[in-house]
Amino acid sequence: MVLWSIWWVWMAAALVLAILEILAPGFVFLGFALGSLAVGLLLLLGIGATLSLPILLLIFAALSLLAWLVLRRLFALPTGQVKIIDKDIND
């Protein structure tokens, strides 16, 4: 069995990426972690067991992008909300 077709490898990658998200917040690594978690679940359920590495990477990339877009939509500031500073600290 090849290393990239083992479900726990993808789950471990999801855990590492989630830890990186804690160290460098901004919803950058969290999308990748969710994509890796989804691929790991596909392999655990046996759905992705026969898929090749390029197909698994394509699924990972698509789900990571989708997760990042959803997270950005949920947690971003509303459009047009800008912080305006009208006082100088030296005044």
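Phenylalanine 32, at 38% relative accessibility, counts as partly exposed, a class that lies between buried (under 20% relative accessible area) and exposed (over 50%), with a 1.4 Å probe and protein chains only. This is a predicted model, in which local features need pLDDT of at least 70, side-chain atom pairs count only at pLDDT 80 or more, and totals for chains, interfaces and linings use all residues. Residues are numbered from 1 along each chain as its sequence is written, and side-chain values use heavy atoms, with hydrogens and water left out.

Start at that phenylalanine. Phenylalanine 32 sits in helix α2. Helices here are DSSP runs (H or I, at least four residues), numbered from the N terminus. Leaving aside neighbours within four places in sequence, phenylalanine 32 is in contact with Leu17, Phe60 and Ser64. Contact means heavy atoms within 4.5 Å. Phenylalanine 32 and leucine 63 are 31 residues apart along the chain, and their C-alpha atoms are separated by 8.1 Å.

Next, the rings. Trp10, Phe32 and Phe60 are linked into a cluster by ring pairs. Rings of Phe, Tyr and Trp (its six-membered ring) pair if their centres lie within 6.5 Å; planes under 30 degrees apart count as stacked, over 60 as edge-to-face and the rest as tilted. By this rule the count is 2 aromatic pairs. What is the angle between the planes of tryptophan 10 and phenylalanine 60? The planes stand at 55 degrees and the ring centres lie 5.7 Å apart, so the pair is tilted. This pair links distant parts of the chain: tryptophan 10 belongs to helix α1 (residues 7–23), phenylalanine 60 to helix α3, and 50 residues separate them. Tryptophan 10 has 9% relative accessibility and therefore counts as buried. Phenylalanine 60 is also buried, with a relative accessible area of 17%.

Now the helices themselves. Two packed helices are described by the angle between their axes and the distance between the axes. The axes are lines fitted to C-alpha atoms, for helices over the stretch in contact, and angles run from 0 to 180 degrees between N-to-C directions.

Take α1 and α2. They pack at about 165 degrees, with axes 8 Å apart. α1 and α2 are therefore roughly antiparallel. Angles under 35 degrees count as roughly parallel, over 145 as roughly antiparallel, 65 to 115 as roughly perpendicular and the rest as oblique. The crossing of α1 and α2 is left-handed. A crossing is left-handed if the near helix is turned anticlockwise from the far one by less than a right angle, and right-handed if clockwise. On the α1 side, the residues that meet α2 include Trp7, Trp10, Met11 and Leu17. Among their counterparts in α2 are Phe29, Leu30, Phe32 and Leu44. The residues of this contact between α1 and α2 divide into 17 nonpolar, 2 polar and 1 charged. Ala, Val, Leu, Ile, Met, Phe, Trp, Tyr, Cys and Pro count as nonpolar, Asp, Glu, Lys and Arg as charged, and the others, Gly among them, as polar.

Then α2 and α3. Helix α2 (residues 29–44) and helix α3 (residues 53–75) pack at an angle of about 135 degrees, with axes 7 Å apart. α2 and α3 are therefore oblique to each other. α2 passes α3 in a right-handed crossing. The α2 side of the contact includes Leu30, Gly31, Phe32 and Gly35, and the α3 side includes Leu56, Phe60, Leu63 and Ser64. The residues of the contact of α2 with α3 divide into 14 nonpolar, 4 polar and no charged.

Leucine 63 is found in helix α3. Leucine 63 is partly exposed, with a relative accessible area of 31%. Not counting residues up to four places away in sequence, leucine 63 touches Gly35 and Ala38. Leucine 63 and isoleucine 84 are 21 residues apart along the chain, with their C-alpha atoms separated by 36 Å.

Last, the segment before α1. Tryptophan 4 has its place there. With a relative accessible area of 28%, tryptophan 4 is partly exposed. Its contacts, leaving aside neighbours within four places in sequence, are Trp10, Leu43, Leu51, Ser52, Leu53 and Leu56. The C-alpha atoms of tryptophan 4 and serine 52 are separated by 9.1 Å, and the two residues are 48 apart along the chain.

Conventions:
Helix = DSSP H or I, 4+ residues; strand = E, 2+ residues; numbered from the N terminus.
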